[in-house]
Amino acid sequence: MDAEGPPTLCDLCLAQVCQSLSSLCSMRADGSMSLIWAPVFPQETADQLLNHMAAKEILNDTTVGIFRSCKELRLRRASIQSCPLSAEAFRLALCPHRLLELDASWVSGGLTGADIVSGLASNPECRSSLQRLSLNGLRLDWESLEANGGIHVGFSSLRGLRMLNLANTDLNDAALEDICNLPHLETLDISCSAISKLTALLECKNTLRSLIAHRQRHLDMSPAQLLFLFSQLHALKHLDFSEDHFSVDDSDGRDGDETVRQLLEGSPQVLPSLVSLDISGRKRISEAAIRSFVESRSGLVFLGLLATGVSSCDFFSTQKSLKVTGEADENQVCEALRRYRDRECFIREALVHLYSLTTDTDKPQPDVLKLVVSGMQRHPTSLHIHLVATACVFNLTTQDLAQAMPISLLSSTVTQLLNTMKNFPNHQQVQKNCLLALCSDYILQEVPFDKYLAAMLVINWLSSHEDPTLQRMAVAVISILVAKLSTEEMAQFSKDIFIMKQLLAIVQQKAMVGVVDSTLKFALSALWNLTDEMPVAARNFIECRGLELYEEVLESYYTEPSIQQKVLGLLNNIAEVEELQADLMEEDILEHILSLLQDSQVDVGVRYFAGGILAHLASRPDAWTLENELRSTVLKQLHDSIMTWTHLEREMVSYRSFHPFCPLLQTCQPAGVQLWAVWAIHLVCTQNTSHYSSMLEKEGLTELLKALAAHPSTHSDIKGLSDSVLSMVEQHQIHAGAFNNQTAPQRS
């Protein structure tokens, strides 16, 4: 059972609306969408629809137009994070709503912070209703607004604001002064901004409860000035004064570090009611100062100490209610991954320690894996994060650990690994880590993800790397993935002759030195699957001189049935294609295959595939270009040999369909050809009755078998096997019908 459970009905409905927008909408003259008809949505559902569209990356100037219908779609808590929206589209679609919250972090499309503030302020209701606003990652760009004739409307016009996030913006001192005039401001994030003075915060000292000031690189205040400021913020409960330790040298941030030292060692009357303090990345912090600070503030519940060197203080073992970010143990590291999702420097640091902590883990940790994947998703272009995160993914999913994870989590994990492979195609260690994580039979067989994309990424990687261990893993992954592709995906995949060349090169490389290893077997399996009912791939195989190579492999690996089966299996695929049968009409190779069929010492699996090649070629007398005597011998030996084969318990072969068998089951075919086809069908039906019985019915082969069994000239051996197959199909139908009757709802 997947721990995360199925999607809710609401989620499914919203997903369907997102998928069907084009058919549900008409187009306005300006190119935006308008719903043709819509009921009045429940208010929360309108918010959810907007969030779904943003998450699915379909929210843009065209689609956001549906929210101009303020009566049917009433927005209150809107998220347009990372969406490409213009100022005009934003003004028309979102500003008319009576918003309580807006997250416009990292929007693209030319929309600036000034556009957003002026647009929201143009709605008198929004001026008082808006309580939370996030403009993380935007240019405020007041100058551009004024240059285009706009009126400078500051943040202070949004009188209802309680939370304002201006991290990673060009916020300056003048704008901060304006912000501090907000009468209800409680939470302010000015991280990574251009602020030089924080004295304006004194204007809101009685309301400001949370100040986030991470990485204040432009701050020009002495430790004494900062401490005085902090001492005046009487309502402050949460202070984040952390620093990016990766980008700071010994001379940078010295005043900030000294401020933190003095705060920790100073009077408990400064920020006495503090609930959380984050000083991660700060230097020159002592364990004694930390102990003193915590002991004098009984209400403290969080302390950020990642990359400070003091998170392993023994004192914390007695503070059960205190959460700490650091590197002392897995709890501290995971807390860091949870709290610092948007901070590359801290995610990177935490992942390094997580890798060490999970190297020998033997317990499934889905919550930890989810945190790692979240970090990768939040920072798609950070090589540092993906290098360590992919190694952590391997640690957390290796051996049997993956089988205890929710399937949906594994699916999103593999999808992220594929995105990483796409984003960092030339980084060998990242690619290696992804490949190590992918090389899991359980993941490849049971977890849903884009198998086609994965196969293409791995084959492209394989073309430029020759490390034997990695080559083995890559070929193993491709071998399994190819067998999982849909018919349409396989057709697309098989068109690429480059793929055929790559796999044949590996076979040749191994065959030249006579090696029998898993890499050779996986490569042969991949080629076998690649040509299964794929004439284009079979043609590519011949054009790449695969026949000549396989003839050599057949002769040199005569005592290796596992190799011979895979070689003959592919030649079977070629023999099924009528227009390619002429390429197999060479006396030497056919006599070699015939000798394998006749040899009772040879493995039955090898003789089976040898028989399949010969049956297909002998089924078309008009296309037989060799001596007729050889064909007669083939037909006789087919019948004689097949009757000596013992039943196989192990699964040796699987079929996408029975279409290639149809020509062989005609009543006009020689007995040897018919017998091989019926024996093959009987074999797979015995091993997987339900699957192949349904396939026989669906593809019309039961009718062919009935005709064959009823025909007066059909050999008794063939009639017996045909009747046995038909009996299995009939029994399956009876059992399926009985099951359906038991589970069908009863009419009252």
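A residue counts as buried under 20% relative accessible area and as exposed over 50%, with partly exposed in between. The model under discussion is a predicted one, and in it Cys192 has a relative accessible area of 24%, so this residue is partly exposed. Cys192 lies in the loop that runs between strand E7 (187–189) and strand E8 (210–212), and its phi is positive, at about 55°, although Cys192 is not a glycine.

Most residues other than glycine have a negative phi. A positive value is also found at Glu533, whose phi is near 55°. Glu533 sits in the loop between helix H23 (518–530) and helix H24 (535–543), and because its relative accessible area is 27%, Glu533 too is classed as partly exposed.

## A buried glycine

Is Gly65 buried or exposed? With a relative accessible area of 0%, Gly65 is buried, and its place in the chain is the loop between H3 and strand E3 (77–79). When neighbours within four places in sequence are set aside, Gly65 is in contact with Arg28, Ser32 and Met33. The C-alpha atom of Gly65 is separated by 19 Å from that of Ser122, a residue 57 positions away along the chain.

## Packing of H1 and H3

Two packed helices are described by the angle between their axes and the distance between the axes. For helix H1 (residues 9–19) and helix H3 (residues 43–55), the axes come within 10 Å and cross at roughly 60°, which makes H1 oblique to H3. The crossing of these two helices is right-handed.

On the H1 side, the contact is formed by Cys10, Asp11, Leu14, Ala15, Val17 and Cys18, which meet Thr45, Gln48, Leu49, His52 and Met53 in H3. By class, the contact of H1 with H3 comprises seven nonpolar, three polar and one charged residues.

In soluble globular proteins, nonpolar side chains tend to be buried together. The largest nonpolar core here has 158 residues, and those with the most contacts inside it are Leu571, Tyr608 and Trp676. Helix H30 (residues 671–687) gives the most to this core, contributing eleven residues.

Not counting residues up to four places away in sequence, Leu571 touches Leu547, Tyr550, Leu554, Leu584, Ile589, Ile593 and Ile613.

Conventions
Residues numbered from 1 in each chain as written. Predicted model: local features only at pLDDT ≥ 70, side-chain atom pairs only at ≥ 80, totals over all residues. Heavy atoms only, no water. Axes fitted to C-alpha atoms, helices over the stretch in contact; angles between N-to-C directions. Helix = DSSP H or I, 4+ residues; strand = E, 2+ residues; numbered from the N terminus. Parallel < 35°, antiparallel > 145°, perpendicular 65-115°, else oblique. Left-handed = near helix turned anticlockwise from the far one by under 90°. Contact = heavy atoms within 4.5 Å. Nonpolar A, V, L, I, M, F, W, Y, C, P; charged D, E, K, R; others polar. Core = buried A, V, L, I, M, F, W, Y, C linked by side-chain atoms within 4.5 Å. Buried < 20%, exposed > 50% of the residue type's maximum accessible area, 1.4 Å probe, protein only.
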